[in-house]
Amino acid sequence: MTSFDTSPQLNVWRMLLALAVVFVMLATTGWTALRGQRERSPLEASAAAWERGRIDGRDLPDLGSGPARLARFFASLTEGQRTRLARRYPLTVGNLNGAPVALRYRANRAALRTARAEERRRTHDSRLSPAGQHEAERRMRRYTSLLAHHRRVLAFDPAGSGRVAEVFGDLGRAERISVVVPGSDTDLLTFQRTERVHSAPVGMARALYRAERAASPSTRTAVIAWADYTAPSGLGVDAATATLAADGALRLTALVRALPGASPVALFCHSYGSVVCGLAARRLPGRVADIAVAGSPGMRAEKAAHLRTPARVWAMRDADDWIQDVPHLEWGGLGHGADPVSAAFGARVLSARGAEGHSGYFVPGTQSLANFAEIGVGAYRSVDCAHGDDGCRAGLSATAEAGRA
């Protein structure tokens, strides 16, 4: 059995080494960068048009309205009016928490077709470098893939490196909902992969959905591959701080608050995604029953209790995961706090047997994926604890069956 704990002296040395690397990067790249005025993104342009728009003489609601108010607005419309809004403002409706899920799917299909046409034009734009034309071709292929008839795109923003979220299963009828929150190097082009399939959000979510169905065929489940936040690129300053995670936490909270129905929700947070989930924890609605992290650099808390969430907090780490060598400390805004698999943190520590490294937690056949699936369907008493005992299941006997309701 491999211990997850490390000595305080070793952690100090790791922290000093990490800080030295960071300060070198800051010296060579600059702590701040002046940014020129940027053009308005397609989503921003769509939102501006929405704010000026009307439907059959009625003003459109403010986009800052809560999801409940927006849901009431859409419920007051005829099907024809909803369809017209989706066609007129596809990016806005497709990303609008509170809009009907099926309408968001249709709106995002329209937005994807527009974005694909733009990238097709860019592939022949002589003003672009060969590298720029190649990237446009890659994005065009990604949009074509997302437009396949069976795909349900819940969110889509082509700006910058791109954001996207996809649903597996019937979100409206689901009895249990799972959300996969990925980590660094996640964007539109890495949303799915043909190699190392299960290291990308689509592969993670699809594998989890299949594992949940196998674990409990009678339970209607839905899984969201949620790459609808700007993730860090590589292991630089962004990955060592919580700036991007803070924005991601707001977006994740907004997503969960707008999910249809009242079914329990479980969050499965990988790597830097666990920082996002840690910051979101205290703001999440009570329907979030579980927060499970894998390969976590920390959750910006010293103890699970400090997350201030009624959700069960689970953690796992494969013995070969390089993240164990990252200092689990926070100093001056750098680092993400205590190690979630340490005994002192107080999470329910799960077995990750078979995961193989930092990106293998969702690979079919691993105990890590099996544990995630059991949590996803509420079968808490069936999970496999990290240390070969019943520690991670303590106190769950009375709640296990209730969690499946």
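Tutor: Let's start with Glu356, which counts as exposed because its relative accessibility is 67% (exposed means over 50% relative accessible area, buried under 20%, and partly exposed in between, using a 1.4 Å probe and protein chains only). Before going on, bear in mind that this is a predicted model, where local features need pLDDT of at least 70 and side-chain atom pairs count only at pLDDT 80 or more, while totals for chains, interfaces and linings use all residues. Residues are numbered from 1 along each chain as its sequence is written, and side-chain values use heavy atoms, with hydrogens and water left out.

Back to our spot: Glu356 sits in the loop between strand 10 (348–349) and helix 12 (helices are DSSP runs of H or I with at least four residues, strands are runs of E with at least two, and both are numbered from the N terminus). Its phi is near 60°, a positive value in a residue other than glycine. Most residues other than glycine have a negative phi. Ser271 is another non-glycine with a positive phi, of about 55°. It lies in the loop between strand 7 and helix 11 (273–280). Ser271 counts as buried, because its relative accessibility is 9%.

Helix 8 itself (residues 201–215) has 15 residues and reaches 21 Å from first C-alpha to last, close to the 21 Å expected (that is 1.5 Å times one less than the number of residues). Its buried residues include Pro201, Met204, Leu208 and Tyr209.

What about the cores? The largest nonpolar core has 49 residues, and Leu171, Ile224, Leu252, Leu267 and Ile291 have the most contacts inside it (a nonpolar core is a set of buried Ala, Val, Leu, Ile, Met, Phe, Trp, Tyr and Cys residues joined through side-chain atoms within 4.5 Å). Helix 10 (residues 243–258) gives the most to this core, with 6 residues. Apart from it lies another core, of 46 residues, among them Tyr209, Ala227, Trp314 and Met316. As for Leu171, its contacts (heavy atoms within 4.5 Å) include Val101, Tyr105, Ile177 and Ile224, leaving aside residues up to four places away in sequence.

Finally, charges. Side chains of opposite charge can pair when their charged atoms come close. The whole structure holds 19 salt bridges (a side-chain nitrogen of Lys or Arg within 4 Å of a carboxyl oxygen of Asp or Glu). One of them joins Arg106 and Glu79, at 3.1 Å from N to O. Arg106 lies in helix 6 (residues 101–122) and Glu79 in helix 4 (residues 79–88), so this pair ties together parts 27 residues apart in sequence. Helix 6 also holds Glu119, and its partner Arg139 is in helix 7 (residues 130–146), so that pair ties together parts 20 residues apart. By contrast, Arg106 is partly exposed at 38%, as is Glu79 at 42%.
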